[in-house]
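Welcome, and thanks for taking a look at this one with us. Below is a short briefing on pockets, surface and charge pairs, grouped by topic.

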Amino acid sequence: MPKLTVALSAATVYAALATLVFCTMIAETVFLYPNYFHDIPNSLIVADEFTAVVSVGSVMRPLGAVLTLSAVVATAASLWSRTARVWTLASLAALVSGLFLLSALYLWERWTILFDDRDRYTVEELNRTVQEIEVAHSIRIILGALTALFAVMAALRTYRTRLLRNVEQIPSAISLH
């Protein structure tokens, strides 16, 4: 399989997953966050009951892992094929900094405060934690949008390169006849 085909396949899968994760983040923000945060701590108890079977983390963490794996594959393929490297690396940087590091190192701890350890904190501390989550999540949304945008640009750039190479090969094939 030619390098460009591998790169295009990897970039397309990554772009689709990045877009799916971004759209899922937007849906989570619109549908869940207002319900979680409207009446602290009572709304957190209701949120616990609502997410007793499947929580956001039980879906988003594995989805994030698959996205990260596809980003690594797409990055390796772009470096190998020498196409859309800048777009793919920019997307990977946004993914790692915003969706992985910000989530794992900052937000997960705050979610633990709200849902697992909230009995140890005052309502004022819980409200401050909610404000911290809202600010960090806004940054995460921006970086998620950039991740998806750059991944789509990488896929489109790789597709364009493939099309141009196919067009370049047509005149040589015609002249042989």
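Let's begin with Arg120, which counts as exposed because its relative accessibility is 65%, above the 50% cut-off. Please keep in mind that the model is predicted. Arg120 sits in the loop between α5 and α6 (123–175), and its side chain meets that of Asp117 in a salt bridge, at 3.2 Å from N to O.

**Around Arg120 and the salt bridges**

- How far apart are the C-alpha atoms of Arg120 and Asn42? They are separated by 15 Å, although the two residues are 78 residues apart along the chain.
- The count of salt bridges comes to 3, and the Arg120 and Asp117 pair is one of them.
- Asp48 and Arg118 form a salt bridge too, with 2.7 Å between the closest N and O atoms. This pair links distant parts of the chain, since Asp48 belongs to helix α3 (residues 42–50) and Arg118 to the loop between α5 and α6, 70 residues apart.
- Is Arg118 buried or exposed? Arg118 counts as buried, because its relative accessibility is 12% and the cut-off for buried is under 20%.
- Arg110 forms a salt bridge with Glu132, and here the closest N and O atoms are 2.9 Å apart. Distant parts of the chain are again linked: Arg110 is in helix α5 and Glu132 in helix α6, 22 residues apart.
- Arg110 counts as buried at 14% relative accessibility, whereas Glu132 is partly exposed with a relative accessible area of 26%.

**The largest pocket**

- The largest pocket holds about 650 Å³ of space.
- Its lining is made up of 26 residues. Which of them lie nearest the centre of the pocket? They are Val56, Gly57, Met60, Arg61 and Trp108.
- Two or more lining residues come from each of α1 (3–31), α2 (33–37), α4 (56–81) and α5 (85–115).
- Sorted by class, the lining of the largest pocket has 14 nonpolar, 7 polar and 5 charged residues.

**The second largest pocket**

- The volume of the second largest pocket is about 170 Å³.
- Its lining consists of Thr24, Glu28, Leu32, Phe50, Thr51, Val54, Ser55, Val56, Val59 and Met60. The elements that give two or more residues to this lining are α1 and α4.
- Which element gives the most to the lining of the second largest pocket? The answer is α4, with 3 residues.
- By class, this lining divides into 6 nonpolar residues, 3 polar and 1 charged.

**A nonpolar patch on the surface**

- Val96, Phe100, Leu101 and Leu105 form a nonpolar patch on the surface, and together they have about 360 Å² of accessible area.
- One of its members, Leu105, is placed in helix α5. Why does Leu105 count as exposed? It does so because its relative accessible area is 63%, and exposed means over 50%.

Key: Residues numbered from 1 in each chain as written. Predicted model: local features only at pLDDT ≥ 70, side-chain atom pairs only at ≥ 80, totals over all residues. Heavy atoms only, no water. 1 Å grid on protein atoms, 1.4 Å probe; cavity = no way out; pocket = protein on both sides within 12 Å on 5 of 7 lines; lining within 4 Å. Points joined across faces, edges and corners; volume = space filled by probe spheres on them. Helix = DSSP H or I, 4+ residues; strand = E, 2+ residues; numbered from the N terminus. Nonpolar A, V, L, I, M, F, W, Y, C, P; charged D, E, K, R; others polar. Patch = residues over 30% accessible without salt bridge, like charges linked within 9 Å, V, L, I, M, F, W, Y side chains within 5 Å. Areas by Shrake-Rupley, 256 points an atom, 1.4 Å probe, with all protein chains shown as cover. Salt bridge = Lys/Arg side-chain N within 4 Å of Asp/Glu carboxyl O. Buried < 20%, exposed > 50% of the residue type's maximum accessible area, 1.4 Å probe, protein only.
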